[in-house]
Amino acid sequence: MLFQVEMDVNIPPGFDPEEAATLKAAEKVRFQELQKAGTWRHIWRVVGRYANLSIFDVPDNATLHELLTTLPLYPFMTVRVTPLCRHPSSAHADDR
Ligand SMILES: O=C(O)CC1=CCC(=O)O1
(Lines give C-alpha, C1' and ligand atoms only; values in the text may rest on other atoms or scores of the structure.)
Protein backbone atom coordinates (compact mmCIF):
# COMPACT_ATOMS: atom_id res chain seq x y z
CA MET A 1 0.00 0.00 0.00
CA LEU A 2 1.21 3.47 -0.86
CA PHE A 3 0.94 6.43 1.49
CA GLN A 4 1.85 10.07 1.13
CA VAL A 5 3.40 11.20 4.40
CA GLU A 6 4.14 14.81 5.20
CA MET A 7 6.44 15.36 8.15
CA ASP A 8 7.04 18.74 9.73
CA VAL A 9 9.96 18.74 12.13
CA ASN A 10 9.87 21.13 15.07
CA ILE A 11 12.87 20.95 17.34
CA PRO A 12 12.16 23.42 20.14
CA PRO A 13 14.41 26.47 20.59
CA GLY A 14 16.97 25.76 23.30
CA PHE A 15 17.08 22.01 22.59
CA ASP A 16 20.65 20.73 22.98
CA PRO A 17 22.29 21.16 19.53
CA GLU A 18 24.48 18.07 19.96
CA GLU A 19 21.49 15.91 20.82
CA ALA A 20 19.62 17.38 17.84
CA ALA A 21 22.56 16.54 15.54
CA THR A 22 22.62 12.97 16.91
CA LEU A 23 18.89 12.55 16.27
CA LYS A 24 19.20 13.97 12.73
CA ALA A 25 22.08 11.59 11.96
CA ALA A 26 20.08 8.63 13.32
CA GLU A 27 17.07 9.74 11.25
CA LYS A 28 19.25 9.78 8.12
CA VAL A 29 20.58 6.28 8.80
CA ARG A 30 17.04 4.93 9.35
CA PHE A 31 15.85 6.72 6.18
CA GLN A 32 18.67 5.16 4.14
CA GLU A 33 17.82 1.66 5.46
CA LEU A 34 14.16 2.09 4.58
CA GLN A 35 15.00 3.63 1.19
CA LYS A 36 17.25 0.66 0.31
CA ALA A 37 14.47 -1.71 1.37
CA GLY A 38 12.03 0.08 -0.98
CA THR A 39 9.80 1.06 1.93
CA TRP A 40 10.54 4.82 1.91
CA ARG A 41 10.19 5.23 -1.84
CA HIS A 42 10.54 8.98 -2.26
CA ILE A 43 11.41 12.04 -0.24
CA TRP A 44 11.28 15.70 -1.15
CA ARG A 45 12.06 18.78 0.91
CA VAL A 46 9.07 21.11 1.19
CA VAL A 47 10.39 24.47 0.06
CA GLY A 48 10.72 26.99 2.86
CA ARG A 49 9.91 24.58 5.69
CA TYR A 50 11.77 22.05 7.79
CA ALA A 51 9.45 19.46 6.36
CA ASN A 52 9.44 16.64 3.86
CA LEU A 53 6.89 15.03 1.62
CA SER A 54 7.46 11.32 1.29
CA ILE A 55 5.95 8.22 -0.30
CA PHE A 56 5.97 4.99 1.70
CA ASP A 57 5.21 1.50 0.42
CA VAL A 58 4.14 -0.73 3.32
CA PRO A 59 1.87 -3.77 3.72
CA ASP A 60 -0.72 -2.09 5.95
CA ASN A 61 -1.66 0.86 8.18
CA ALA A 62 -0.27 -0.74 11.32
CA THR A 63 3.15 -1.21 9.72
CA LEU A 64 3.25 2.45 8.70
CA HIS A 65 2.21 3.54 12.18
CA GLU A 66 4.94 1.42 13.81
CA LEU A 67 7.54 2.68 11.35
CA LEU A 68 6.68 6.36 11.75
CA THR A 69 6.40 6.30 15.52
CA THR A 70 9.83 4.72 15.88
CA LEU A 71 11.66 7.29 13.74
CA PRO A 72 14.32 9.09 15.80
CA LEU A 73 12.81 12.54 15.09
CA TYR A 74 9.21 11.35 15.61
CA PRO A 75 8.83 13.10 19.00
CA PHE A 76 9.42 16.40 17.19
CA MET A 77 7.25 15.72 14.14
CA THR A 78 3.77 16.64 13.08
CA VAL A 79 2.80 13.86 10.65
CA ARG A 80 -0.01 13.85 8.11
CA VAL A 81 -0.77 10.62 6.24
CA THR A 82 -2.78 10.31 3.03
CA PRO A 83 -3.53 6.78 1.75
CA LEU A 84 -3.05 6.41 -2.01
CA CYS A 85 -4.22 3.94 -4.62
CA ARG A 86 -3.49 3.40 -8.27
CA HIS A 87 -4.90 5.95 -10.68
CA PRO A 88 -6.56 4.21 -13.63
CA SER A 89 -4.55 6.32 -16.09
CA SER A 90 -1.19 5.61 -14.48
CA ALA A 91 1.44 4.06 -16.76
CA HIS A 92 3.50 2.85 -13.79
CA ALA A 93 3.00 -0.84 -13.11
CA ASP A 94 4.40 -0.52 -9.58
CA ASP A 95 1.73 1.95 -8.44
CA ARG A 96 -0.51 -0.05 -6.11
O1 LIG B 1 14.89 16.46 7.28
C2 LIG B 1 13.77 15.91 7.40
O3 LIG B 1 12.79 16.25 6.75
C4 LIG B 1 13.61 14.74 8.33
C5 LIG B 1 14.18 13.56 7.69
C6 LIG B 1 13.54 12.50 7.20
C7 LIG B 1 14.51 11.58 6.63
C8 LIG B 1 15.74 12.29 6.88
O9 LIG B 1 16.88 11.90 6.57
O10 LIG B 1 15.52 13.48 7.51
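This is a predicted model: local features need pLDDT of at least 70, side-chain atom pairs count only at pLDDT 80 or more; totals for chains, interfaces and linings use all residues.
**Entry 1: Lys24**

I looked up Lys24 first, and I asked how exposed it is. Lys24 is partly exposed because 14 other C-beta atoms lie within 10 Å. The cut-offs I used: a residue is buried if 20 or more other C-beta atoms lie within 10 Å of its own, exposed if 12 or fewer, and partly exposed in between, with C-beta atoms placed from the backbone. Lys24 sits in helix α1.

Residues are numbered from 1 along each chain as its sequence is written.

**Entry 2: helix α1**

I followed α1 from end to end. It covers residues 17–36, which is 20 residues. From first C-alpha to last it reaches 29 Å, close to the 28 Å expected at 1.5 Å a residue. That expected span is 1.5 Å times one less than the number of residues. How many of the 20 residues of α1 are buried? The count is one, and α1 is hardly covered. Just after α1, I found Gly38 with a positive phi of about 85°.

**Entry 3: the whole chain**

I listed the elements next. Helices (H or I, at least four residues) and strands (E, at least two) are DSSP runs, numbered from the N terminus. The protein has two helices and four strands. From the N terminus their order is β-α-β-β-α-β. The C-alpha trace spans about 50 × 25 × 20 Å along its principal axes. Of the 96 residues, 6% count as buried.

I also looked at contacts, meaning pairs whose C-beta atoms, placed from the backbone, lie within 7 Å. Among contacts between residues at least 6 apart in sequence, 65% join residues at least 24 apart.

In UniProt, an unreviewed entry lists residues 1–89 as "domain: Muconolactone isomerase". Positions there are given in the numbering used here, feature names are shortened, and annotations may be inferred rather than shown by experiment. I computed that residues 1–89 are 33% helix and 33% strand, with the end C-alpha atoms 18 Å apart.

**Entry 4: strand pairing**

I counted strands as paired if DSSP finds at least two bridges between them. β1 (residues 2–9) and β3 (residues 51–57) run antiparallel, joined by seven bridges. Within this pair, Gln4 stands opposite Ile55, and Asp8 has Ala51 as its bridge partner. β1 also pairs with β4 (residues 77–84), antiparallel, over eight bridges. There Gln4 meets Thr82.

β2 (residues 40–45) pairs with β3 in the antiparallel sense over five bridges. Trp40 has Phe56 in β3 as its bridge partner. The hairpin of β2 and β3 has five residues between the strands, and there Gly48 takes a positive phi near 85°.

**Entry 5: around the ligand**

Which residues are around the ligand? I found Met7, Val9, Glu27, Lys28, Phe31, Asn52 and Leu73. The cut-off is a C-beta atom, placed from the backbone, within 6 Å of the molecule. α1 gives the most to this shell, with three residues. β1 and α1 each supply at least two.

By class, I noted four nonpolar, one polar and two charged residues. Ala, Val, Leu, Ile, Met, Phe, Trp, Tyr, Cys and Pro count as nonpolar, Asp, Glu, Lys and Arg as charged, and the others, Gly among them, as polar.

Technical notes
Two residues are in contact if their C-beta atoms, placed from the backbone, lie within 7 Å.
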